[in-house]
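The following exercises are meant to be worked through with the sequence and the coordinates at hand. Each task is followed by a solution in steps.

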Amino acid sequence: MEAKKLNVKEKYRLLTRDLDWEFSYEDRKEAFPYEEFEGIKITDWSKWEDPFRLTMDAYWKYQAEKEKKLYAIYDAFAQNNGHLNVSDARYVNALKIFLTAISPAEYAAHNGFAFTGRQLGGIGARIAAQMQSIDELRHIQTQIHAMSHYNKHFEGFDEFSHMHDRVWYLSVPKSFFDDARSSGPFEYIVAISFAFEYVLTNLLFVPFMSGAAYNGDMATVTFGFSAQSDEARHMTLGLEIIKFLLEQHEDNVPIVQKWIDKWLWRGYRLLSVVAMMMDYMLPQKFMSWKEAWELYFEDAGGALFRDLERYGIKMPACAELIAKEKDHLSHQTWWTFYTFGHAAAFHTWTPSAEEMDWLSEKYPDSFDKWYRPRFEMAAELAEKGERFYSEGLPQLCQTCQIPMFYTECGDDRPDDTCYRSTHYQGERFHFCSDHCKDIFEDEPEKYVHAWLPVHQIFQGNCGGADLADVMKYYKLNDGAVNADYMGSSDEQRWKALKGIA
Amino acid sequence: MSRVQIGLQDNDESRYIVAAIEEDNPTAIVHYEPALIRIENEGHLQINRESVSEQMGMDWDVQSIHVNLVTLTGNIDEDDDYFRIEWAN
């Protein structure tokens, strides 16, 4: 008799039944030692189901197909000198940020999901986390492959891994994932799968990748969308785990709410750099940060939180402040990097007259009033040969580790820098915002020993006291990777390649 | 009603999927963005295996949506014959 073909639901049921077992002679608590300490109560793991019902055979089949498509494009890109087709070499600087800040974070996510894929007590959730762990490894590998072509032609790519562990602004994504990975499995999965993947990564992988396509970068848009096709599955894991936790026990609701509040804010702060990449680093403009935020957070995220209301989950309070910051975020971030551009591993510049007009149009309430005069003055100084760089080192927020450049947008005072501080065990700690201060005060032990790059430089732990010493410690080729794009070796090489005088 | 959204890579395969979506969800709005096709609809959006297979002229496996899927919002309901996203609010 011919075997009956199984449908998707039956296949998935068999997979999740056959891979799990009862603990008959060992203590289940010893097998899953992290399942209870966060206060989460699970009464029935069998209620968890992956709505995609992806079995291992289907997973490998579709992942293999994605990889084949991706690598065919990489080959074509390299064989046809694809780097010559980007809109302008300034664009490549956004890729330097991607490789140094985001790709190593993919590896950290791989590590974190390997942990949750072992520690979650339910087989369905464990399999989904294990698949995600493999996905994240695929993401960093494909990103390194894509960037390796740019590395042959531009500065700032070669030491990305060394840099990620040391360079001042890269401590922001690094500490974000360290914070998540040193949490328990449930907080980790709420932080990364829900707050970051479901609510926020669309902003990075969708409009920025469309922007890459718009700027002629075939390799990046392809790895971006290939990664994002995995993200669609990760987002689903995030939403399912949240609904599952909230349905399992009412005591889980306040714990989950606290994690959502914390991680939405942490993730949003991390995306400051994406705001800047979209508004300032794409020579061909496609969508502003503000428009992307409205579409992917206010609209899509709003629908999500209305859906979660029935469980007693509320939109995090920080959303109000974020709505006010959207007119300022990209401008303040780019200005900060512009003024510290001598110590960064990518080039900065003042926007051209046309770019400033685009910014005025997209930010009618803020750009002309607060930011245009600053960039025009900077352009004037640069023209005179007095390119402005900030001499000192910035104070960093103890929680998000970002230089404290944000302003009192919540209070409608966008020209006043926001400073908060608190005392803990006789020491004073500084923060960029009320939300970062609240996160610290909730778990001060977790943040008091943060490796803050500026403190480390002052303590003499980063190669020396001069910029040149610190650059050496970062393995940054001073004079080649940093400072203004105008006059850089990247610019010279680009002009030579394109035959521009 | 909240809007649901799905994003697909702009390529040959997606073209047929989008045609099937438009046929089965007459109120859906299709946006063509660089390299991306983004489709929005009020409340829910459904992709039917039969309609996509009809458009492609070959049998289409619902799970192969993963190859071209870029992003989505809403609660997912997937079976052998359809893929559906929906908000309950």
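Two residues are taken to be in contact if their C-beta atoms, placed from the backbone, lie within 7 Å. The model examined here is a predicted one.

**Exercise 1.** Determine how helix α9 (residues 207–214) of chain A and helix α10 (residues 218–248) of chain A are oriented, and which residues meet.

*Solution.* Begin with the axes of the two helices, which come within 8 Å and cross at roughly 155 degrees. Because angles over 145 degrees count as roughly antiparallel, α9(A) is roughly antiparallel to α10(A). As to handedness, α9(A) passes α10(A) in a left-handed crossing. Next, list the contacts: from α9(A) come M209(A), A212(A) and A213(A), and these meet T220(A), V221(A), G224(A), F225(A) and Q228(A) of α10(A). Sorted by class, this contact has 5 nonpolar and 3 polar residues, with no charged ones.

**Exercise 2.** Find which members of the largest nonpolar core touch the most other members.

*Solution.* Among the 170 residues of this core, they are V190(A) and A195(A), while helix α8 (residues 185–205) of chain A provides the largest share, 15 residues. Beyond its neighbours within four places in sequence, A195(A) has contacts that include V190(A), I260(A) and W263(A).

Note on methods:
Residues numbered from 1 in each chain as written. Chains lettered and ligands numbered in written order. Predicted model: local features only at pLDDT ≥ 70, side-chain atom pairs only at ≥ 80, totals over all residues. Core = buried A, V, L, I, M, F, W, Y, C linked by C-beta atoms within 7 Å. Buried ≥ 20, exposed ≤ 12 C-beta atoms within 10 Å, placed from the backbone. Helix = DSSP H or I, 4+ residues; strand = E, 2+ residues; numbered from the N terminus. Axes fitted to C-alpha atoms, helices over the stretch in contact; angles between N-to-C directions. Parallel < 35°, antiparallel > 145°, perpendicular 65-115°, else oblique. Left-handed = near helix turned anticlockwise from the far one by under 90°. Nonpolar A, V, L, I, M, F, W, Y, C, P; charged D, E, K, R; others polar.
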